[in-house]
Amino acid sequence: MTKLSVNINKIATLRNSRGGDVPNVVEFAKDVQRFGAEGVTIHPRPDERHIRYQDAKDLKPEVYTEYNIEGNPIKSFIDLVLEVKPTQVTLVPDAEDAITSNAGWDTIKHKDFLVDIIKEFQKNNIRTSIFVDPVLNQIEGAKETGTDRIELYTESFAHQYSLGNTNAIKPYTECATLANSLGLGVNAGHDLSLDNIEFFKENIPGLLEVSIGHALIAESLYLGIENVVQMYLHKLK
């Protein structure tokens, strides 16, 4: 069964829109785990416009499932991850002003940079994952960095699938197959939803984990968070 990690950034966005501490991100993380989620994901950005660095620290003692911290490995992010020591760090090459992640790493161009960072995290017993586009040579490049896993950037699939193009899954299937053969674990995330997650999972060999935030939180406005978590778990079996 593929693990579900709930990205709680949108809960922090809602909290920050009014100030104060409602909704409380720590309590929300505890709840989604209680409802069955097998992981909690956060993506702190330098301007802390949603998840704050202090949130990452506050969550550490309360996340007893997989704790995944995503982000661009600038110095402040690296220092945060080394202090918190989550289960997994997912390296994402997003610009500081990006609304959301919009591209994977060029694992060939940035190989030396990634190798050094990955070694540092692994030395501290933190599993590493690299956010990548579904391109075969980028999967081969990821292998050369020494990373433990890749996270397939699924926005293109989600968009095409919503238009009825099921062939959009093919590059993801090919990349997952290659990653498996190279000994890389396969994660996935971005715009996955209740509408597309079952089809995606069925076509991705060895899919270990999906990280879902925006769609899951939006769906929960209508269906309730406990119900939605259970629906994802059912589709990921």
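Visitor: In which strand is the place of Arg 127?
Guide: Arg 127 belongs to the run of residues 127-132. This is a predicted model, in which local features need pLDDT of at least 70, side-chain atom pairs count only at pLDDT 80 or more, and totals for chains, interfaces and linings use all residues. Residues are numbered from 1 along each chain as its sequence is written, and side-chain values use heavy atoms, with hydrogens and water left out. Helices (H or I, at least four residues) and strands (E, at least two) are DSSP runs numbered from the N terminus, and the strand that holds Arg 127 is S5.

Visitor: Is Arg 127 buried or exposed?
Guide: A residue is called buried under 20% relative accessible area, exposed over 50% and partly exposed in between (1.4 Å probe, protein chains only). Because the relative accessible area of Arg 127 is 19%, the residue is buried.

Visitor: Which residue forms a salt bridge with Arg 127, the closest N and O atoms being 2.7 Å apart?
Guide: Side chains of opposite charge can pair when their charged atoms come close, and a salt bridge is a side-chain nitrogen of Lys or Arg within 4 Å of a carboxyl oxygen of Asp or Glu. Among the residues that Arg 127 touches, leaving out those up to four places away in sequence, are Thr 87, Asp 148 and Glu 66, where contact means heavy atoms within 4.5 Å. The salt bridge with Arg 127, at 2.7 Å, is formed by Glu 66.

Visitor: Which residues are linked in a network of salt bridges?
Guide: The structure holds 12 salt bridges, one of which joins Glu 209 and Arg 149, whose closest N and O atoms are 3.9 Å apart. That pair links distant parts of the chain, with Glu 209 in strand S8 (residues 207-212) and Arg 149 in strand S6 (residues 149-153), 60 residues apart. Both Glu 209 and Arg 149 are buried. The network consists of Lys 3, Glu 66, Arg 127, Arg 149 and Glu 209.

Visitor: In the largest nonpolar core, which residues touch the most other members?
Guide: A nonpolar core is a set of buried Ala, Val, Leu, Ile, Met, Phe, Trp, Tyr and Cys residues joined through side-chain atoms within 4.5 Å. Of the 71 residues in the largest one, the two that touch the most other members are Leu 4 and Ile 8.

Visitor: Which helix gives the most to this core?
Guide: The core in question is the largest nonpolar one, with its 71 residues. The helix that gives the most spans residues 75-84, contributes 6 residues and is called H4.

Visitor: Within what arc do the buried residues of H1 fall?
Guide: An α-helix has 3.6 residues a turn, so residues three or four places apart point the same way. In helix H1 (residues 9-18), the buried residues are Asn 9, Ile 11, Ala 12, Arg 15 and Asn 16, while the face turned away from them carries the exposed residues Leu 14, Ser 17 and Arg 18. The arc is that of the directions from the helix axis to the C-beta atoms. Seen down the axis, the buried residues line one face of H1, because they fall within an arc of 155°.

Visitor: Which residues does a cis peptide bond join?
Guide: Most residues other than glycine have a negative phi, and most peptide bonds are trans. The cis bond has an omega of about -5°, and one of its residues, Pro 23, is found in the loop between H1 and H2. The joined residues are Val 22 and Pro 23.

Visitor: Near what value is the phi of His 190?
Guide: His 190 is found in the loop between strand S7 (185-189) and helix H9 (197-202), and at 15% relative accessibility this residue counts as buried. Phi is positive here in a residue other than glycine, with a value near 115°.
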